[in-house]
Amino acid sequence: TMLFRRAGARAVYLVRAYPEGLHAAMKAVLALTDPGDLIVCESNSVRKVVRPGEFIMIREAGQTPKPSAAAVFDDADVIVDDYREYKIKEELPDVK
């Protein structure tokens, strides 16, 4: 979360919730944002309760994904295998 802040994010939120409370927690966070805000959410579990505009999965080559990642892998719009070489402007040109 602090990496986002150091990278220049206007606001960051650290959400910790049990699975049964995740929907309510995300609803509370989304109430703090404005319509049209770009929201970057680093979470596999949130994908089960929120439908994003783009769902990007990042995986390390040769690594076994965590169970939470494996559970939502098929929902990914984009899969990044080597994030060090990924060019977001080329892959997602509509992102400003």
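Trainee: What should I know before I start?

Mentor: This is a predicted model, where local features need pLDDT of at least 70, side-chain atom pairs count only at pLDDT 80 or more, and totals for chains, interfaces and linings use all residues. Residues are numbered from 1 along each chain as its sequence is written, and side-chain values use heavy atoms, with hydrogens and water left out.

Trainee: How many helices and strands are in the chain?

Mentor: Both are DSSP runs, numbered from the N terminus: helices are H or I with at least four residues, strands are E with at least two. This chain has 4 helices and 2 strands. Along the sequence the pattern reads α-α-β-α-β-α.

Trainee: What share of the residues is buried?

Mentor: Buried means under 20% relative accessible area, exposed means over 50%, and partly exposed lies in between, with a 1.4 Å probe and protein chains only. Of the 96 residues in the chain, 16% are buried.

Trainee: Which residues make up the largest nonpolar core?

Mentor: In soluble globular proteins, nonpolar side chains tend to be buried together. A nonpolar core is a set of buried Ala, Val, Leu, Ile, Met, Phe, Trp, Tyr and Cys residues joined through side-chain atoms within 4.5 Å. Here the largest one has 5 residues: Phe 55, Met 57, Ala 69, Val 72 and Ala 76.

Trainee: What is Val 72 in contact with?

Mentor: Contact means heavy atoms within 4.5 Å. Leave aside neighbours within four places in sequence, and Val 72 is in contact with Asn 44, Arg 47, Lys 48, Phe 55 and Met 57.

Trainee: Where is Arg 47 found, and which side chain of opposite charge is nearest to Arg 47?

Mentor: Arg 47 sits in the loop between α2 and β1. Lys and Arg count as positive, Asp and Glu as negative; His and the chain ends are not counted. A salt bridge needs a side-chain nitrogen of Lys or Arg within 4 Å of a carboxyl oxygen of Asp or Glu. Arg 47 is buried yet has no salt bridge; the nearest side chain of opposite charge, Asp 75, is 4.6 Å away.

Trainee: Is Asp 75 buried or partly exposed?

Mentor: Asp 75 has a relative accessible area of 36%, so Asp 75 is partly exposed. Asp 75 lies in the loop between α3 (67-72) and β2 (78-80). Not counting residues up to four places away in sequence, Asp 75 touches Arg 47 and Phe 55.

Trainee: Where does Leu 38 lie?

Mentor: Leu 38 is in the loop between α2 (22-30) and β1 (56-58). Leu 38 counts as exposed because its relative accessibility is 65%.
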